[in-house]
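Hello,

Here is the structure for you to look over. My notes on it follow below.

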Amino acid sequence: MPAGFPDFRLGSVLATSFTATLTERQGDAVERIPTPQRLVDWLAVNGLAVESCSTAQLELARELRESIHAAATAAAIQEALPASAVRVLNDCSIQGRAAAVLTPEGTRQWRLSSASRVEDALGVIAADAISIIAGERDGKLALCASPTCRAAFFDTSQSRTRKWCDMNTCGNRQKKARFNANHRKTPKIDPTRTDEFRARGRSTPL
């Protein structure tokens, strides 16, 4: 991992993993694809390897990312989808020329039209987002309960009651915050006073 760049947050859903390249949107935002090369790295990790990425392609990727986030957020709270977000998703989906191919091991991989076609990779991501927002997949769009995050995520749990986009990050951070708040509320007992009350026949101070 190159020094100075934040780690990726990887999940099982391509579209929402992509929106997680920008985190803490309601707090101190963390940009996880700050350079074209970091987008190349993210695409490679997600099975959409390209050899290069221009600054213009990075900007297009970020535009798609924010459009997915806007549309998924609206869907999660059952509001009308933003027209501009829908337009970007559709344009990226149409422009992509990736094809699904079957490997000898029986798995699906994506084959891009050329080694530098970032647009093909974005088309795959856009199509994944469209299938989720359109309700074609088994799951439910929800928003992270963390007030500094509020990321849209795809809940595939049996109960459909997940609160956090990622238990290892937002979930643990909120649990720790609650623990610290409760700990501050618990009155501290002076051990010297405890000894004094025990001497008087009481186990703890009143």
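**Aromatic pair and its surroundings**

Phe18 and Trp42 are both buried (under 20% relative accessible area; over 50% is exposed and in between is partly exposed, with a 1.4 Å probe and protein chains only). This is a predicted model, where local features need pLDDT of at least 70, side-chain atom pairs count only at pLDDT 80 or more, and totals for chains, interfaces and linings use all residues. Residues are numbered from 1 along each chain as its sequence is written, and side-chain values use heavy atoms, with hydrogens and water left out.

A search of the whole structure gives one aromatic pair. The ring centres of Phe18 and Trp42 are 5.1 Å apart and the planes stand at 55 degrees, so the pair is tilted. Rings of Phe, Tyr and Trp (its six-membered ring) pair if their centres lie within 6.5 Å; planes under 30 degrees apart are stacked, over 60 edge-to-face, the rest tilted. Phe18 sits in helix α1 (residues 14-19) and Trp42 in helix α2 (residues 36-45), so the pair ties together parts 24 residues apart in sequence. Helices (H or I, at least four residues) and strands (E, at least two) are DSSP runs, numbered from the N terminus.

**Helix packing**

Trp42 turns up again here. Leu39, Trp42 and Leu43 in α2 meet Val118, Ala121 and Ile125 in α5 (contact means heavy atoms within 4.5 Å). The two helices, α2 and α5, pack at about 55 degrees, with axes 12 Å apart. Axes are lines fitted to C-alpha atoms, for helices over the stretch in contact, and angles run from 0 to 180 degrees between N-to-C directions. α2 and α5 are therefore oblique to each other (under 35 degrees is roughly parallel, over 145 roughly antiparallel, 65 to 115 roughly perpendicular, the rest oblique).

**Arg117**

Arg117 is in the loop between β4 and α5 (118-133). Is Arg117 buried or exposed? Arg117 is buried, at 18% relative accessible area. Leaving out residues up to four places away in sequence, Arg117 touches Val50, Gln95, Arg97 and Leu112. Cys53 is 64 residues from Arg117 in sequence, yet 8.2 Å away in space, C-alpha to C-alpha.

**Hairpin**

Strands β3 (residues 99-102) and β4 (residues 108-111) pair antiparallel over four bridges (strands pair if DSSP finds at least two bridges between them). Ala99 has Arg111 in β4 as its bridge partner. Five residues separate β3 and β4 in this hairpin, and Gly106 in the turn has a positive phi of about 85 degrees.

**Overall**

The protein has seven helices and six strands. Of its 206 residues, 37% are buried.

Best wishes
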